[in-house]
Amino acid sequence: MDKVIMGIIGYGNMGSGHTKNIYKGKCPEVALTAIADINPERLAAAAELLPGVKTYDTAEALLESGEVDAVIIATPTDSHASIIADALRAGKHVLCEKPPALKWQDAQESERIAEETGKVLMYGFCCRYFRDDPALAGTVYPPDAWHSFQCVRIPNDWAAACARWFFSDRWLEA
């Protein structure tokens, strides 16, 4: 199986966590080749820790580089919608950390762009939406809200990179 050539946009707490999982071998089908961050100190740290991984000072530069097939977006929430749109339109598959956007309309627009481009868009909700979680069972979402599931085979510790959840619009009312 060919590896997914991955870039990470945002090398803060979540982005560096994803990087560690990839480098610990928890994602054997993923090759990390690029990292983007607007913070020069974090970018320098990434360059020092990850020899061979190219670094970019903007998400746009990484997306335009042609270095990756997919990206993980681990930036502040207010930037998610615009980076998702740019990445999808650049032909990249996207895993975006939670929450999808500041406004649900922006999340819906991201889903529309994913459908339009034919690229995978998934969100890193991790265990938050597992119906087996006893703390959430039947409380946040009614059982009938769990209407479908599509698996993308990228074995690892982060559940969102293994699966894309399709919910009814009921999550908007939660």
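## The main core

In this predicted model, the largest nonpolar core holds 22 residues. Ile-9, Leu-62, Val-71, Ile-84 and Val-94 have the most contacts inside this core. Several elements build it. Strand E2, helix H3 (59–65), strand E4 (70–73), helix H4 (80–89), strand E5 (93–97), helix H5 (104–117) and strand E6 each supply at least two residues. H4 gives the largest share, with five residues.

In soluble globular proteins, nonpolar side chains tend to be buried together.

## The sheet

Six strands form an open sheet. Read across the sheet, the order is E3-E2-E1-E4-E5-E6, and the pairing is parallel. Strand E3 (54–56) and strand E6 (121–124) are the edge strands, and each pairs on one side only. Neighbouring strands are turned against each other by 25 degrees on average, direction ignored.

Now look at one pair of strands. Strand E1 (residues 4–9) and strand E2 (residues 30–36) run parallel, joined by six bridges. Here Ile-5 has Ala-31 in E2 as its bridge partner.

## Helix H4

Which residues of H4 are buried? They are His-80, Ile-83, Ile-84, Ala-85, Ala-87 and Leu-88. The buried residues of this helix pack against E1, H3, E4, E5, H5 and E6.

Follow Ile-84 in particular. Leaving aside neighbours within four places in sequence, Ile-84 is in contact with Ile-73, Val-94, Cys-96, Pro-100, Ser-110, Leu-121 and Tyr-123. Ile-84 is also one of the residues with the most contacts inside the largest core. After H4 comes Gly-91, whose phi is positive, near 85 degrees.

## Strand E5 and its partners

Why is E5 described as largely enclosed by the rest of the structure? Four of its five residues are buried, so the rest of the structure largely encloses this strand. In the sheet order, E5 stands between E4 and E6.

On one side, E4 and E5 pair in the parallel sense over four bridges. Val-71 has Val-94 in E5 as its bridge partner. Both Val-71 and Val-94 are among the residues with the most contacts inside the largest core. Together, E4, H4 and E5 make a right-handed β-α-β unit.

Glu-97 has Gly-124 in E6 as its bridge partner. The chain crosses from E5 through H5 to E6, and this β-α-β crossover is right-handed too.

## Strand E6 at the edge

E6 is an edge strand that pairs on one side only. Are its faces covered or uncovered? Both are covered. Leu-121 and Tyr-123 lie on one side, Met-122 and Gly-124 lie on the other, and all four are buried. In a regular strand the side chains alternate between the two faces of the sheet.

Two of these residues link back to earlier sections. Tyr-123 in E6 stands opposite Cys-96. Leu-121 and Tyr-123 are both in contact with Ile-84.

Note on methods:
Residues numbered from 1 in each chain as written. Predicted model: local features only at pLDDT ≥ 70, side-chain atom pairs only at ≥ 80, totals over all residues. Heavy atoms only, no water. Pairing = 2+ DSSP bridges. Axes fitted to C-alpha atoms, helices over the stretch in contact; angles between N-to-C directions. Core = buried A, V, L, I, M, F, W, Y, C linked by side-chain atoms within 4.5 Å. Buried < 20%, exposed > 50% of the residue type's maximum accessible area, 1.4 Å probe, protein only. Contact = heavy atoms within 4.5 Å. Right-handed = clockwise from strand over helix to strand, strands pointing away.
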